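Let's take a walk through this structure together.

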Amino acid sequence: MKAKNFLVLLISMSLLSGCMQHTSVEENAIIQMAGYDKGENKRIRGTMLIPQYGSSESKSATSEVYLTANGDGVKEVEKEIQKQSSKPISIGKLSVTLYSKELAEGGISDIIDILSRDPRMSRNMYLGIVDGEAIDLIESQYPQEDTTYKQLEDLIKNNARFNFPMTNLHDFLYSYYAQGMDAFLPLITKKEANVELSGLAFFKGGTVVSTIPDSNVFTYKMLNENFKRGMQNIPYKDGTIMLDNIGSSVEYELKNGLGEPKFDIRVNIKAEVNEMVGVDREANPSLMKELEEVSVEFFETNANELIQMFKEKEIDPLGLGNFAKTRKRDFDLTKWKDNYSDLKVNVKVNVEITEYGIFS
Amino acid sequence: MWKWKRKEKSSTEQTQQKSNQKKSLTEFIQSLQKSEDFIRYSLGGEECTVYYIKTMSDSKILNRSVLPILNDETFQSLEGIKQHIPVENMTVTEDITLIQEKVMFGYIMVQLHHSAQEVLLIPAVSLESRSVSIPEVEFSVVGPKEAFVENINTNINLIRKRMPLPQLTIKELKIGKVTKSRVAVIFLDGVVDPENVETVTQRLKDIEYDQIIDSSFITQIIDDNSNSPFPQFLDTERPDRVVSNLIEGKVAIMVDGAPHALTCPTTVVELFGASDDYFLPWHLATVFRLIRLFAVIFSVLSTPLYVAVLTYHHEMIPGELMATIVSSRSDIPFSPILEVIVLELTIELLREAGARLPTKIGQTIGIVGGIVIGTAAVDAGLTSNVLLIIVALSALASFTTPIYQIGNTIRLIRFPFIIGAQMWGLIGVSMCMVFLSAI
Amino acid sequence: MNRLNSTPGWNIPINYLITPMYVLFLIHSMQIGVGILGFEKYLVEKAGYDAWISLLIAGGFMHIILWMIYRFLQNGGGDIVQIHKNVFGKYIGWFLSLVFSLYFLLLTFNVIITFTEVIKVWVFPDLQVWIFLFFLLALVYYLVSGGVRVITGICLISVFIGLPLFLLKYFPVQAGHSMNVSPMISHSVTDILAATKQSVLSFLGFEFLLIFYPFIKEPAKSKKWAHFAVFYTTMIYLISLLVTFVYFNEKQLKQVVWGTISTWKIVELPFIERFEYIGIAMWLYVILPNICLGLWGATKIPKRVFNIKQKYVLIVFLLVIFFPAAMIDGRSVINMVNNFSSQAGFYVLLYIPVLLVLKTISDKVRKRREG
């Protein structure tokens, strides 16, 4: 009896209430990529990329639509873009967001706030800083992939396995909000017909204050995290050798308490050497010994330069402050920041070349 | 699941029984004489008369054991005849109800005087039934290949020979006002919970219905919650399965004329167990059973999830899949829910049509329907091919259930889920799930 | 039709009784509710990343309270209504029992509005609350009128549905920073105790034992299961807390309203992303025991006190929940109700030792009078 009444009720009610708003997937304008530049008369200019999926017969012929609007805030840009779109826009699938370096140098903390507030955003989204205009980068076609967003998403995702550190929205927000830690994002540059990762941009709060070229990215990644791939070319005498990383690990140690803190950063790199350009010598253990010493020299100088730069800009992308906080009970952030430029950091690199190919 | 519920006995049946009793033997004979196959003739003068229904009685017994003796000698009493005829289990009775019942079953009735109310009943029943064959609904590759037939004696024989125990108890009841079907309650004494036996027999006795033609009639009348879409009895055609259930302490019910046995109480998990599971090594059986369970879940949930995700939560579709789904949907004029309902109904149509037609044509219909209609619908832009795959897979998955009844349940419960998905997306699906688990 | 037990005394038919082991599921599923979706923020606000200590202390505290409850229920013979009657006399006893009933109603109400809020924020901003609530409450009516056994079944299912969601913690841990928890103990005792008070609220729910105790077959045996349930809950809360600690940093976590849901966001499987939608939908299963058991307890008390049919009380209470819940809108009101019910819960917990003392005294007095 009860179940029957209930069923009748259920069915009648469900027939009566087709009232929740719904649109099927294909009726949405699904934004996959967004880019923000400095606006012309408003603060920012947003460019959104909406892929247009072809019908079932011509699956490969996917085209893209770019919509651009100016606004003072991200939501205003969205509102303006909706005015240009024939379908309701949906930002839930946003997979890449780019900011122009110019905009980011003026501070983007309000945009970051939206990213952490909106429940519809994916935390696996990739962020990047464009050296140049984001709109140019988005509105170009790239031969490698059908769509621009795929190109950029895979570019950032796959390079995180090599020289570039992992930077998705979650990692960015984590270091953005953490105490004694600053965020960084990959720097992306548009080349003739292609797009490439050209370095890293470092934030201080919500503002980009400094960048490093891609030649230093390996050094930074090596200081920042443990990783297993990546390559670094190292000048040796007149030529260069290519160091092929097969396992790098890093260890921090805080000495001396908080009064006069001293950091020891120990890096262990296991690498292979397969290519030596302009080095006319037989590959043998003694040469490798020499190469190891050269590499250590190279990495230590580079790392010290990097850290020196961080200290000058008063940024802490390595999270040394955060590390100190977890080690010392009486950690005081303001005091730490005051003393940061005098912080002693001692980088000790150990390179071990394990293999040099199958031909000596 | 097993609750105590008695159904009340109405008074109509009792009054009817009384009026039956009043009928005399002559009236009974007269009413039978309207049929051509009712035979009556007298032997040795007018004294001894033999009655039987030709189509129901075994003429071998009549010709070899009964007639020679009745012809050779004259008897003064029925008891005398009874001692001479070499047939087992004869009865001398005046009870008209019993007489009626037995004669209708094919017993030979012998009357000494015309007016005598007392008759001798000689069992000479000839029952037509097919021989034991291989199970078709619950086929298994390994293991015994015997299935129940329509004859209850054969069926009980199939069970008893697997379990030669004195504790195996069989209670017989006659149910159905018109059909008078023999219903056997079978259980293993000492293992079974007596309360269950009591409940089952009580409920069976309280059944008041004209015809009990198949065991499924009983399922619907005596189950705990007749609104539940889940079968509450395990309906099986495999004697080995019944035996293993009996050993587990369950009660089995068998109806004469039904090639199925019911066992109870049952759990939902059992409904997904195939008999193959018991013949295979445990790891294989576990994996197969898990696959089957997964298939059921997939079958119930896949189309509702399709509706929910496409209508409300398209954020959940990964980027790579998005292109596939959107491009397959881009030409479809209907919303996902309409698309799904139309396709699901098509599948149900095919299934119904296939079940009603003779086997060979049924197969053809399945193939023609599946391939031709499916491809045509996609080509015409009425359904997306992603959905076609999902619906076909979920239909396929619903066939993996070893018990036919639960397969029907799965067919049915998909639809409320689809409606729920349309209303509140995944939360609607979840609510339907709660409701389902409540019943 | 009415399967609810209608005898005034304690001759509950054996088919209504639940086996001791199910106490585990009843208590555990009652304790895990909407709270776990966002409890981290409140703990971290008080004690930072030392909140896990507070959580453990609170868990220990719960064991003590549970022990007390068992203590007076074992001697009291019956439920809270009976004990109130014995200790305070008829009218005050009635009144106190009704306060309990209202408290249970409040808890249920709180769960319902919070869950609706979660749905509105995370899934459907344009949800038509009243239709949704209508369906939800109709479902609840159907379940609650099914009686204790049905509710126990729902609890059981809820626990097993919750388990796979728990496995998803792997994803945030993988993306996390394990150093976050250290340094241990960097907050003062008062901070930790404040967070303890906050975390006690996560464990609310086992007071329902006061009502369903008579329905347990061999109640003495259920004791270990009840303690195990509390322990299990503590562990689940602890792991959830540690996972969010690892995944977010302290400042972030203070701002994240629903920590656990946010950790689901990172789950990415090849065929499905954004697991929070599935998580929230499955969470319906987890909160359902809260609502059902809450309403069952709330309606059981008036029934025991006034001897009226539980069905009618149930309908009245459902209406009482339905109208305000359909009208409430906005985070601030919901936060207010949350705080209010937490306060009420805290006082109820404090009341239990008091009741134990009063009961011991009244027992002694009675014995002396008799002797």
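Helices (H or I, at least four residues) and strands (E, at least two) are DSSP runs, numbered from the N terminus. This is a predicted model, in which local features need pLDDT of at least 70 and side-chain atom pairs count only at pLDDT 80 or more, while totals for chains, interfaces and linings use all residues. Residues are numbered from 1 along each chain as its sequence is written, chains are lettered from A and ligands numbered from 1 in the order in which they are written, and side-chain values use heavy atoms, leaving out hydrogens and water.

Over residues 198-357 of chain A, 32% of the chain is helix and 41% is strand, with 29 Å between the end C-alpha atoms.

A:Glu27 sits in the loop between helix 1 (2-16) and strand 1 (29-30). Is A:Glu27 exposed or partly exposed? Its relative accessibility is 36%, so A:Glu27 counts as partly exposed; buried means under 20% relative accessible area, exposed over 50%, and partly exposed in between (1.4 Å probe, protein chains only). Leaving aside neighbours within four places in sequence, A:Glu27 is in contact (heavy atoms within 4.5 Å) with A:Lys87 and A:Pro88. A:Lys87 is 60 residues away from A:Glu27 along the chain, yet their C-alpha atoms are separated by 6.3 Å.

A:Ser86 belongs to the loop between helix 2 (74-84) and strand 5 (89-90) of chain A. With a relative accessible area of 76%, A:Ser86 is exposed.

Next, turn to chain B. Its domain assignment gives domain 1 (12-122), domain 2 (152-266) and domain 3 (278-438); such bounds come from an automatic or database domain assignment. Taken over C-alpha atoms, the centres of domain 1 and domain 2 of chain B are 32 Å apart.

In chain B, 5 strands form an open antiparallel sheet in the order 6-7-9-10-8, where two strands pair if DSSP finds at least two bridges between them. Strand 6 (168-175) and strand 8 (234-236) of chain B are the edge strands, each pairing on one side only. Strand 6 of chain B is joined to strand 7 (residues 181-188) by 8 bridges, and B:Ile175 stands opposite B:Ser181 in strand 7.
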